[in-house]
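Please examine the sequence and the structure before reading the solutions.

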Amino acid sequence: MEIQTHNDSYKIPPAGSRAERRERTEFGGATLFEKIWDKHIVKTIDDGPSVLYIDRHFIHEVTSPQAFTGLNKRGIKVLRPHQTIATADHNVPTLNQHLPIKEELSRLQVEALIQNCHEHGVELYGLGHPFQGIVHVIGPELGITQPGMTIVCGDSHTSTHGAFGAIAFGIGTSEVEMVFASQCLLQSKPKLMRINIEGELNKGVVSKDIVLYILSKITSSGATGYAIEFAGSTIRSLSMEARMTICNMSIEMGGRCGLIAPDEITFNYIKGKPLSPKEEQWQVSLNKWKTLYSDTDAVFDKEYYFKAEDIEPMITYGTNPGMGISVSATIPTVDTINENDKSGLAKSLTYMGLTQGAAIKGQKIDYVFIGSCTNSRIEDLRLVASFIKGKHKADDVEVWIVPGSKQVEAQAIAEGIDKIFEEAGFMLRQPGCSACLGMNEDKIPAGKYCISTSNRNFEGRQGAGARTLLASPLTAAAAAITGFVTDVRELLN
Amino acid sequence: MSFELASLNSKLINRSQVNKMKALTTILSRFVPINIENIDTDQIIPARFLKATTKNGFGKNLFRDWRYYNDDESKTRADFPLNMSQFDGEILVAGKNFGCGSSREHAAWSILDYGFRVVVSSFFADIFKNNALNNGVLPVQVSEAFLQRIFLQDNNTELTIDLEKQTITIISTGEQEHFDISSYKKTCLMNGYDDIDYLISIKEEIQKFELEKL
């Protein structure tokens, strides 16, 4: 196969359609994506989209009300309520959740969700329920998310669930209404990309750094129109939590979805979860799941290869998630930046109050946010706790730890992690999307710098005028301790 | 007429459509240029305005934080095109990778509510493109060169988008480019059909699929 070399760290296979190249292969192997996709096609419209059957539909309070209104206007009910799961996450406060929501519009939206779920027979894990949490945290931890499924939600980070070997993607509210009405969506098949990462990770480097590194190489539009499979020995070595962090940010590359072939790590994670298959059904499911991988002769439209050893702790300096660098590097200049971000660099740095060519290390930080569907799982909290134990936050930094779900919160308390946070001056809050998106009460004030484990550094994302630096939980915790952007490797023994 | 468009037409043409979209065939209009790349949906409509439970009224907050200083409607940013009186029209022209980020359909609703029927760019993010089409807003993807030609025109220049012919034309210069759209989506837009009508119409096939394939 002809390979075009772009630089030392990654390669792109030849041009030409995937179909043409697939014809050239001896066995015409199928990709993981195709194995799942093909099983879920009800029919295909000529010169049009396919009718894709949806196994699981997650909903939340922000993108569902207009869809329920649409159903009510048509006088129909949710077709398959038992394949639909609801929670309240975007608009909920993360303190005093036992009290009524103060902000009226947020409260009305959460109340509308309760009413709609009741009327349509949809299970709701709302505020006060022991399963409540961020929709992309609770699906996996309850065992609802399983390999081979098609999963959608009115939220772009639905790609998270792809870590289990599922086709999972975000949809708009009209599409939420389609799934309510028919349990199907009209979808055109995306092109297929595989991103391979091989080798052992360096000290202080975790899965968030991997995905920020990939983003810095292929840019925030590098995978638009593609379904991405993440593969290679580095990916195989990761826990489910770490894999979810990577698939979560597939959408930040523009990808329709991101997925990873399920393996023993996946199966062990799912086994015993509240809603996972039990007894004889477990073995039946397991046999099916074990067929879910890309055949050795499967063909992708585009393929990238990265080496784990090249990845250092990462941080973003700009206003899209592709604008990332190693914490030890300097901010690019118009001469060194990639084409995708060249025209936006000056505007971006003006917003961020940062300078071309300057070091990012040593940048003063005001807030630290550890949470969101990207990094709020128990493993993230354990990692932060183990690093900060015996240390204390810098005086002028505010640190928020927001667990992804009630279950994560309960687990953290059971393990005594909450005490470590308290002693370090970190505030452990209650589950929700929190300061990821500047929608609920948790916002970063204008002009302030927040090192955040979330997924987006867009202008105003964490609050109007807020300046976001995306990083791993470890790098965020290091900044919490020093008060500055810090290379965490310097603080590890 | 290809494929099952004929049957689709017969299935939908006489339906009383609940959420019937406004049909779109040709648009002749001046345009509003926003020459910025990678415009994400948080800029199109910030999250704090997503608390409504209806689809109406989002237009006034379109590009909210680029239109006003400090979220104050009395402090407009004079250099932002939506605030410049010389620019007007039903066509928004923006830099490449328009609509990336969040899946919020509120972005499409705010663009439509503001008065745009067409967005022209050299590249669109997937979810935004679907959301726009589902609301009767036409995303027209042109080459980067053609996009730059549009940005060079003065504020009196009109553009014509002909959906039937799939062309976009700069009236003053006669420059024209063809754009792609699936014939299914084209039929839907030209007639104001939506996907939900279609999916409900094939409910029996879906139930058969559930019994046989799942």
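A salt bridge is a side-chain nitrogen of Lys or Arg within 4 Å of a carboxyl oxygen of Asp or Glu. The model is predicted, so local features need pLDDT of at least 70 and side-chain atom pairs count only at pLDDT 80 or more, while totals for chains, interfaces and linings use all residues; side-chain values use heavy atoms, without hydrogens and water. Residues are numbered from 1 along each chain as its sequence is written, and chains are lettered from A in the order in which they are written.

**Exercise 1. Describe the interface of chain A and chain B.**

Step 1. With contact taken as heavy atoms within 4.5 Å, 71 residues of chain A touch 57 residues of chain B.

Step 2. Buried area is the accessible area (1.4 Å probe) that two parts lose on being put together, summed over both. Here it is about 5,000 Å², and carbon and sulfur atoms give 57% of it. Lys43(A), Gln66(A) and Arg74(A) supply 13% of the area that chain A buries against chain B, more than any other three residues.

Step 3. Seven salt bridges cross this interface.

Step 4. Several elements of chain A each supply at least two residues of the side that touches chain B, among them strand S3 (41-44), helix H3 (65-74) and helix H6 (173-182). The largest share, seven residues, comes from H6(A).

Step 5. That side of chain A divides into 23 nonpolar, 29 polar and 19 charged residues. In this division Ala, Val, Leu, Ile, Met, Phe, Trp, Tyr, Cys and Pro count as nonpolar, Asp, Glu, Lys and Arg as charged, and the others, Gly among them, as polar.

**Exercise 2. Which order do the strands have in the open sheet with S7 and S9 of chain A?**

Step 1. Two strands pair if DSSP finds at least two bridges between them. The order of the five strands is S7-S6-S5-S8-S9 (chain A), with parallel pairing.

Step 2. Strand S7 (123-125) and strand S9 (167-170) of chain A stand at the edges with a single partner strand each, so one side of each has no neighbour in the sheet.

Step 3. Strand S8 (residues 150-153) of chain A pairs with S9(A) over four bridges. Thr150(A) has Ile167(A) in S9(A) as its bridge partner.
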